[in-house]
Amino acid sequence: MTESPETRPSRRADPVDAIIDQWAAVRPDLDTAAMEVFGRVFRLSRAMGDRMEKAYTPYGISRGEFDVLATLRRSGEPYALSPRQLSATLMLTTGGMTGRLDKLERAGLLRRSPDPHDRRALRVTLTGKGLTLIDEAVGAGLAVQTEALSALGADRAGHLADLLRELLAGTEE
């Protein structure tokens with residue numbers, strides 16, 4: 001059984017605490033420790049997703065479009081991947097990827113061209129405009145994330161990153 005917010009004098013109650021208290025009132029037999037963690041992870045993900053979307057808006061891109069451009073940028077020069085490689089990295093269907101690529105190509109941020117090594121395949125390559133934009137957008141996004149993490153301080157943020165890495169590895173095995 002987990003502690004109630006009242007037994008944690010040094011911690012400020014949040015909406016997840018209210019949910020835990022409600023479950024404790026109607027189902028005191030439940031161990032809600034996992035709900036405390038994942039309820040906060042889900043809420044944090046949604047809140048940060050909204051903040052990231054706002055950070056990318058001045059660049060005319062969504063989070064999904066950012067992901068495509070960032071994946072190409074991280075691939076290193078010549079900043080080119082196949083649509084299949086992009087889909088696999090971003091865990092998107094080919095249909096979902098096509099829509100993103102269409103929009104980014106119309107904006108002049110990437111180009112699709114025949115793969116020089118396979119006439120049946122395409123290569124997606126960042127343009128100079130796309131490279132400049134993603135370098136600026138990634139800085140803006142990191143600033144938002146850094147600001148959010150500043151509430152913890154560097155040591156605690158590092159500890160949280162280690163714990164989340166461990167938890168993620170446990171779910172992927």
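Colleague: What radius of gyration does the protein chain have, next to a compact globule of 173 residues?

Modeller: First, this is a predicted model: local features need pLDDT of at least 70, side-chain atom pairs count only at pLDDT 80 or more, and totals for chains, interfaces and linings use all residues. Residues are numbered from 1 along each chain as its sequence is written, and side-chain values use heavy atoms, leaving out hydrogens and water. The C-alpha trace spans about 65 × 30 × 25 Å along its principal axes. The radius of gyration is taken over C-alpha atoms, with a globule rule of 2.2 Å times the number of residues to the power 0.38; a compact globule of 173 residues would come out near 16 Å, but the protein chain has 21 Å.

Colleague: What share of the 173 residues is buried?

Modeller: Buried means under 20% relative accessible area, exposed over 50%, and partly exposed in between, with a 1.4 Å probe and protein chains only. Glycine 49, in helix H2 (residues 33-56), is one buried example, with a relative accessible area of 5%. Of the 173 residues in the protein chain, the buried ones make up 27%.

Colleague: In what order do the strands of the open sheet lie?

Modeller: Strands of a sheet pair through backbone hydrogen bonds, either parallel or antiparallel. Here, two strands pair if DSSP finds at least two bridges between them. Strands S2 and S3 run antiparallel and are joined by six bridges. The sheet has three strands with antiparallel pairing, in the order S1-S3-S2.

Colleague: And which are the edge strands?

Modeller: An edge strand here pairs on one side only.

Colleague: Which residue in S3 is the bridge partner of arginine 111?

Modeller: Strand S2 covers residues 110-115 and strand S3 covers 118-126. In S3, the partner of arginine 111 is threonine 125.

Colleague: Let's turn to helix H5. Within what arc do its buried residues fall?

Modeller: H5 (residues 94-106) has 13 residues and reaches 18 Å from its first C-alpha to its last, close to the 18 Å expected at 1.5 Å a residue; the expected span is 1.5 Å times one less than the number of residues. An α-helix has 3.6 residues a turn, so residues three or four places apart point the same way. In H5, Met97, Leu101 and Leu104 are buried. They line one face of the helix, because seen down the axis of H5 (the arc is that of the directions from the helix axis to the C-beta atoms) the buried residues fall within 65°.

Colleague: What do those buried residues of H5 pack against?

Modeller: The face turned away from the buried side carries the exposed residues Gly95 and Arg106. On the buried side, the packing partners are helix H3 (63-74), H4, strand S2 and strand S3.

Colleague: Which residues does serine 87 touch, not counting those up to four places away in sequence?

Modeller: Serine 87 lies in helix H4 and is buried, at a relative accessible area of 7%. Contact means heavy atoms within 4.5 Å. By that rule, serine 87 touches Leu92, Thr93, Thr94 and Met97.

Colleague: Where does serine 82 sit, and which residues is it in contact with beyond its neighbours within four places in sequence?

Modeller: Serine 82 is in the loop between strand S1 (80-81) and helix H4 (83-90). It counts as buried because its relative accessible area is 14%. Its contacts are Leu122 and Arg123.

Colleague: Which residues does the cis peptide bond join?

Modeller: Most residues other than glycine have a negative phi, and most peptide bonds are trans. Proline 78, in the loop between H3 and S1, takes part in a cis bond with omega about 10°. The bond joins glutamate 77 and proline 78.

Colleague: Is methionine 91 buried or exposed?

Modeller: Methionine 91 is found in the loop between H4 and H5. Its phi is positive, about 55°, although it is not a glycine. With a relative accessible area of 76%, methionine 91 is exposed.

Conventions: Helix = DSSP H or I, 4+ residues; strand = E, 2+ residues; numbered from the N terminus.
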